Amino acid sequence: MNRTSIIRTAAITGISAALGLVAVVPALAASSADPVTTVADLNGDGEIETVTAQLLADNDQLISATVNGTFTSIHLGADGSRGFEAPRVADLNGDGRAELLVAQSVGANTTFFTSLHFDGRNLSQVVDENDKPLSVAEGGGIAAHLGYQCTPFEGGRSFETVAAEADDLSAEPLTYSGTRTVYTLRDGALTTQNTVSFSARPVTDPVLAADATTCDQTGS
């Protein structure tokens, strides 16, 4: 089993609570009949849009908003068996236009997100260099350390993900090995700037830093 598979398995079956979740409004549990909302400036014009998410079935959610009088929506896969959340509002590149981080799977210890941006007409998924939609995990309990954060630089922000697994769950203190990947985002497409591999690092090591609040749109 490769490291990526081990990390994903550990994240789902870890034996501790997931990291705390942060959103512009508190995450809300919902049934298929109960939509949840948040607010975001999707096009960077200073006007706030209401974003609505509704779980239509255990494997389908609808994200929608009205921007400058035009309605836009997108269906995304979802595992609603453990819960459902309002999208998080972020600005992953510091350009003033919000991206949405949408939970697709809420586990006992780990939440998996994809990301949406407003492309000027529609809500669309953020993709990588291979045109694959972004998938990023947060949590992992003590078996894995998974998360993301944003780091400012002159003229913008980078978006960074961390994926690491515990070296030895019986060790004290625990150490983690994995990767940290740095991206830049432009027009809904991520470009990998750097990937750093690390080993046997304590959770306090900066290479393991994962603070979702650093991506908040309100902080831009």
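User: How many bridges pair strand β12 with strand β13, and in which sense, parallel or antiparallel?

Analyst: Eleven bridges, in the antiparallel sense, between β12 (residues 175-186) and β13 (residues 189-202). Strands are DSSP runs of E, at least two residues, numbered from the N terminus. Two of them pair if DSSP finds at least two bridges between them.

User: What am I looking at, before we go on?

Analyst: This is a predicted model, with residues numbered from 1 along each chain as its sequence is written. Local features need pLDDT of at least 70 and side-chain atom pairs count only at pLDDT 80 or more, while totals for chains, interfaces and linings use all residues, and side-chain values use heavy atoms, with hydrogens and water left out.

User: Back to that hairpin. Which residue there takes a positive phi?

Analyst: D187, with phi near 50 degrees; the hairpin has two residues between β12 and β13. Along the paired strands, V182 has N194 in β13 as its bridge partner.

User: What does D167 touch, leaving out residues up to four places away in sequence?

Analyst: T175, Y176, S177 and A200, where contact means heavy atoms within 4.5 Å. The D167 side chain makes polar contacts with those of T175, at 2.7 Å, and S177, at 2.6 Å. A polar contact is a pair of N or O atoms within 3.5 Å; within protein, one must be able to donate a hydrogen and the other to accept it, and residues adjacent in sequence count only if both atoms are side-chain atoms.

User: New topic: which residues touch the most other members of the largest nonpolar core?

Analyst: A40, L42, V51, I63, L100, L116 and L123, out of 21 residues in that core. At least two core residues come from each of β1 (36-40), β2 (49-57), β3 (60-67), β4 (70-76), β6 (99-106) and β7 (110-118). A nonpolar core here is a set of buried Ala, Val, Leu, Ile, Met, Phe, Trp, Tyr and Cys residues joined through side-chain atoms within 4.5 Å.

User: How are β1 to β4 arranged?

Analyst: They form an open sheet in the order β1-β2-β3-β4, with antiparallel pairing. β1 and β4 are at the edges with a single partner strand each, so one side of each has no neighbour in the sheet. Five bridges join β1 to β2, and A40 has E49 in β2 as its bridge partner.

User: Now R88. Buried or exposed?

Analyst: Buried, with a relative accessible area of 3%. R88 is in strand β5 (residues 88-90), and its side chain makes a polar contact of 2.8 Å with that of Y148.

User: Last one: how many disulfides are there?

Analyst: One, in a search of the whole structure. C150 is joined to C215, S to S 2.1 Å; the cut-off for a disulfide is a pair of cysteine sulfur atoms within 2.5 Å. C150 is in strand β10 (residues 144-153) and C215 in the segment after β13, so the pair ties together parts 65 residues apart in sequence.

User: Which handedness does that link have?

Analyst: Right-handed, with 100 degrees about the S-S bond. C150 is buried at 5% relative accessibility, and C215 is buried too, at 0%.

Key
Buried means under 20% relative accessible area, exposed over 50%, partly exposed in between (1.4 Å probe, protein chains only). Helices (H or I, at least four residues) and strands (E, at least two) are DSSP runs, numbered from the N terminus.
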